[in-house]
Amino acid sequence: MDTPEGARLRFELYGRVVVEVERRDGRWVASYVGEGRRRPAEDVRLPPEAPADSLADHLDVLFHEYARPGTSVRRLR
């Protein structure tokens with residue numbers, strides 16, 4: 001399934017960080033979100049061909065160091 005341009009998804013990473021991922025120019029662009037602010041997450045690189053429903057798995061691989069018992073990567077909204 002193709003994800004439309006401009007689609008935005010938010011993920012909470014282990015109760016510590018919120019990342020918003022947007023589809024732009026055929027690729028995924030990530031931002032850190034917090035307290036009314038956003039900043040580019042240049043260290044978050046997601047495969048451009050990844051379907052939206054696999055992004056949580058990709059973020060889990062990238063941020064597994066943040067994991068604690070009872071926490072996970074979860075989609076918000």
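The side chains of Glu22 and Arg24 are joined by a polar contact of 3.2 Å (a pair of N or O atoms within 3.5 Å, one able to donate a hydrogen and the other to accept it, with residues adjacent in sequence counted only if both atoms are side-chain atoms). The model is predicted: local features need pLDDT of at least 70 and side-chain atom pairs count only at pLDDT 80 or more, whereas totals for chains, interfaces and linings use all residues. Residues are numbered from 1 along each chain as its sequence is written, and side-chain values use heavy atoms, with hydrogens and water left out.

- Glu22 lies in strand β2 (strands are DSSP runs of E, at least two residues, and helices are runs of H or I, at least four, numbered from the N terminus).
- Glu22 counts as buried because its relative accessibility is 10% (buried means under 20% relative accessible area, exposed over 50%, and partly exposed in between, with a 1.4 Å probe and protein chains only).
- Beyond its neighbours within four places in sequence, Glu22 is in contact (heavy atoms within 4.5 Å) with Gly6, Ala7, Arg8, Arg27, Trp28, Val29 and Arg38.
- Thr3, in the segment before β1, is also buried, at a relative accessible area of 17%.
- With neighbours within four places in sequence set aside, the contacts of Thr3 are Arg23, Trp28 and Ala52.

**Nonpolar core**

- The largest nonpolar core comprises 19 residues (buried Ala, Val, Leu, Ile, Met, Phe, Trp, Tyr and Cys residues joined through side-chain atoms within 4.5 Å).
- Two or more residues of this core come from each of β1 (8–13), β2 (17–24), β3 (27–34) and α1 (55–63).
- Trp28 and Val44 are among the residues with the most contacts inside the core.
- Val44 touches Ala30, Tyr32, Leu59, Leu62 and Phe63, not counting residues up to four places away in sequence.

**Largest pocket**

- The largest pocket holds about 210 Å³ of space.
- Its lining has 13 residues, and those closest to the pocket centre are Arg27, Trp28, Val29, Ala30 and Val44.
- Strand β3 supplies the largest share of the lining, five residues.
- By class, the lining contains eight nonpolar residues, one polar and four charged.

**Arg68**

- Arg68 is located in the loop between α1 and β5 (73–76) and is partly exposed, with a relative accessible area of 43%.
- The side chain of Arg68 reaches the backbone oxygen of Glu65 at 3.4 Å.
- The C-alpha atoms of Arg68 and Val33 are separated by 21 Å, the two residues being 35 residues apart along the chain.

Methods. On a 1 Å grid over the protein atoms alone, a cavity is a set of points where a 1.4 Å probe fits but cannot get out, and a pocket is an open set with protein on both sides within 12 Å along at least five of seven lines; lining residues have an atom within 4 Å of a point. Grid points are joined across faces, edges and corners, and a volume is the space filled by probe spheres set on the points. Ala, Val, Leu, Ile, Met, Phe, Trp, Tyr, Cys and Pro count as nonpolar, Asp, Glu, Lys and Arg as charged, and the others, Gly among them, as polar.
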